[in-house]
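My notes follow in the order in which I checked things.

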Amino acid sequence: MSFRDIVLGSNVFIPSRVDYRNAILRSQLAIITFVVAIGYVFIDLYHGVTGNEPYYLGVAMLALITVVLNRFQKYRLATVLFLLSINFFIFYFSAIDPFGSGVFMLFAVSSLMAFALLGFKHRNLAFAFILLSVVLFLVSYWVDFDFMEERAYSKEYLQFSYTINFLVTLTCSTAIIYFLMDIHYHSEKSILKKNDQLQKANAELDRFVYSASHDLRAPLSSLLGLIEVAKLDH
């Protein structure tokens with residue numbers, strides 16, 4: 001069974017290439033989120049860090065729900081749920097983790113996700129999610145939450161966390177940009193193909209008009225001649 005069959009279903013047909021690629025990308029990003037969340041559980045255990053497990057498992061669960069909704073063609077719901085959960089979980093960790101952990105970089109990824117998953121058709125909603133990411137970043141960076149205890153981590157843990165967050169940001173950003181390039185390439189290719197077909201149709205039409213006018217020229221000349229003869233008889 002292929003990845004496509006797993007995340008979309010073997011009997012599901014999506015006629016639009018944009019919608020198809022969008023559905024694949026949504027599942028890919030959700031699976032990456034799931035893997036990172038579960039990975040952080042083991043990383044924290046290895047470094048003796050406790051307390052974050054429920055949040056990691058919550059992220060992983062919402063990522064799985066996104067994949068399931070995507071498989072059942074609930075694309076808009078899957079996208080909105082995924083973007084909301086990603087933003088607020090990034091916000092939580094940005095608020096409690098030191099700036100050196102690099103969690104804040106994931107806000108840039110969530111903004112790119114909004115553009116890629118919602119597209120131009122739903123650009124207003126995409127801009128709303130981007131604004132949400134910006135606001136949550138500024139609040140997490142500038143506001144001191146007394147009820148949220150900022151945790152202290154070892155230098156090694158922060159370096160490890162920063163590296164992972166950078167790699168996740170790079171991987172997701174690359175996947176999203178590749179998706180947008182793929183859509184642009186095939187859209188341009190489709191337009192060029194249609195233009196070529198239109199030029200061939202125009203050429204065929206020109207040949208038909210020329211041939212028809214040539215074939216009608218002799219009968220019309222004869223008809224005009226007969227009309228002139230009829231006028232002379234009168």
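Confidence. I kept in mind that this is a predicted model, so I looked up the pLDDT before going further. The mean pLDDT of the protein is 85, and 90% of its residues reach 70 or more. Among the elements, helix α1 (residues 3–8) has the lowest mean, 78, whereas α6 has the highest, 94.

The cavity. I asked how many cavities of 30 Å³ or more the structure holds, and the search returned one. The space in the largest cavity comes to about 400 Å³, and of the 23 residues that line it, V36, Y40, I90, L106 and N165 are the closest to its centre. By class, I recorded 17 nonpolar, five polar and one charged residues in this lining.

Helices α2, α4, α5 and α7 each supply at least two residues of the pocket lining, with the largest share, five residues, coming from α2. When I sorted the pocket lining by class, it divided into 11 nonpolar, four polar and five charged residues.

Helices α2 and α5. How do the axes of α2 and α5 cross, and within what distance do they come? They come within 9 Å and cross at roughly 150 degrees, which makes α2 roughly antiparallel to α5, since angles over 145 degrees count as such. On the α2 side I listed N22, L25, R26 and L29, which meet M113, A116 and L117 in α5. The residues of this contact are five nonpolar, one polar and one charged.

Helices α4 and α6. The last pair I looked up was α4 (residues 75–96) and α6 (residues 123–142), whose axes come within 9 Å and cross at roughly 10 degrees; the two helices are therefore roughly parallel to each other. From α4 the contact takes in R76, V80, L83, L84, N87, F88, F91, S94 and A95, and from α6 it takes in L125, F129, L132, S133, L136, V139 and S140. I counted this contact by class as 11 nonpolar, four polar and one charged.

Key:
Residues are numbered from 1 along each chain as its sequence is written. This is a predicted model: local features need pLDDT of at least 70, side-chain atom pairs count only at pLDDT 80 or more; totals for chains, interfaces and linings use all residues. Side-chain values use heavy atoms; hydrogens and water are left out. Axes are lines fitted to C-alpha atoms, for helices over the stretch in contact, and angles run from 0 to 180 degrees between N-to-C directions. Helices (H or I, at least four residues) and strands (E, at least two) are DSSP runs, numbered from the N terminus. Angles under 35 degrees count as roughly parallel, over 145 as roughly antiparallel, 65 to 115 as roughly perpendicular and the rest as oblique. Contact means heavy atoms within 4.5 Å. Ala, Val, Leu, Ile, Met, Phe, Trp, Tyr, Cys and Pro count as nonpolar, Asp, Glu, Lys and Arg as charged, and the others, Gly among them, as polar. pLDDT is the predictor's confidence in each residue, from 0 to 100. On a 1 Å grid over the protein atoms alone, a cavity is a set of points where a 1.4 Å probe fits but cannot get out, and a pocket is an open set with protein on both sides within 12 Å along at least five of seven lines; lining residues have an atom within 4 Å of a point. Grid points are joined across faces, edges and corners, and a volume is the space filled by probe spheres set on the points.
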